[in-house]
Each structure stands twice: as C-alpha cells, then as structure tokens.
Amino acid sequence: MNSKKERLGKVSKRRAVATAGAALAVLIAGGEAAGLVAQNSPALVNQEKQVAAAQSKFYCNTKALTPEERTRHKQLSKKLTAQRKEIMETEKGYEFQHSPADISLSELAEWVGAESKCCPFFDFHIDLEREGKLLCLRLTGEEGIKTFIRAEFGVGKMR
C-alpha cells in the first residue's frame, strides 16, 4: 500500500514540475500582449506557486519588471538569441558569444540588469575579449543551473 502511495506521489510531483516548467517557459518566451494580460490571472498565480515549490532555487519573479520593461527585455532577449555566434558549456554554466557589431555592450548590460531583477539566482559575467571583437555573456549559478539554462535559453538550438 505504501509503495502505491509513494508511486502516486512521485507521479503527481513529476506532473506538477512538468506543468510548472511549461508555464514558466510560456511566461519567459511569451511576454506578448496575451501573456502580459495573463500575468495577473489566478491560474497563472497558481502556476507560479507550483514553479516556486518545484524549483525554489530557480524561481523567476514575473512581477519584477513593469510591462514596459518586460517589453524591452523581450526585444533584447530575441536579439541576443538571434545574434549569438556560439554557445560554450563551462564548468558551472554556459557562455553565449556575440559579435560587438551585432550586440552592443550597453544592450547586453541592459539585458543583464533586467534579467537579474526577475531571475536573481543567476550569476552574470560579461567579458569583452579579443581586442573588443568578442562579447561574451556567461551565466552560472548553483547546482542544477545548467539544466535550467538549457531549457530556458534554447541551448542546443542555434537559430
């Protein structure tokens, strides 16, 4: 009897994590008008609580940015994703490489400033290398961060 309860508990927990993860992915990827309106819906608040419970270390505060800031952050996120030249796995996370001709240092710093408000669990590292010809953003954090980065930043999917 206990083993059946344990199995059901594990399945329910997995289902909650999967549901919460899907909701988080929609929130991060979706900041469009519908997503912004949905931010205050009771269903979304409940999903945010599930995300917090399932991934307490990696909980994104969707209310940390104003609607205007979120719109700008989404624009920068799309640009950073579209313009990345290479992704390097590091010991504690990932490094996203860009050409300063495509992404400016100020745009990258602006993105980091906004991202750090909603996702304070990241450690951000910005490097300008190769005599100013390579702009790198390294995201690191606590154990488990690589899995989160792969899911949320499309690592493994170049353009």
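Which residues does His 73 touch, not counting residues up to four places away in sequence? The views below take that up, along with a few other spots. This is a predicted model, where local features need pLDDT of at least 70, side-chain atom pairs count only at pLDDT 80 or more, and totals for chains, interfaces and linings use all residues. Residues are numbered from 1 along each chain as its sequence is written, and side-chain values use heavy atoms, with hydrogens and water left out.

**View 1. His 73 and its contacts.** You'll find His 73 in helix 4, residues 67-83 (helices are DSSP runs of H or I, at least four residues, and strands are runs of E, at least two, numbered from the N terminus). His 73 touches Leu 65, Trp 111, Ala 114 and Glu 115 (contact means heavy atoms within 4.5 Å). With a relative accessible area of 8%, His 73 counts as buried (under 20%; exposed is over 50%, partly exposed in between, using a 1.4 Å probe and protein chains only).

**View 2. The hairpin of strands 1 and 2.** Strand 1 (residues 86-89) and strand 2 (residues 93-98) run antiparallel, joined by four bridges (strands pair if DSSP finds at least two bridges between them). A hairpin of three residues links the two. Look for Met 88, which sits opposite Glu 95 of strand 2.

**View 3. Around Phe 121.** Skipping neighbours within four places in sequence, Phe 121 is in contact with Lys 57, Phe 58, Tyr 59, Cys 60, Thr 140, Gly 141, Ile 145 and Phe 148.
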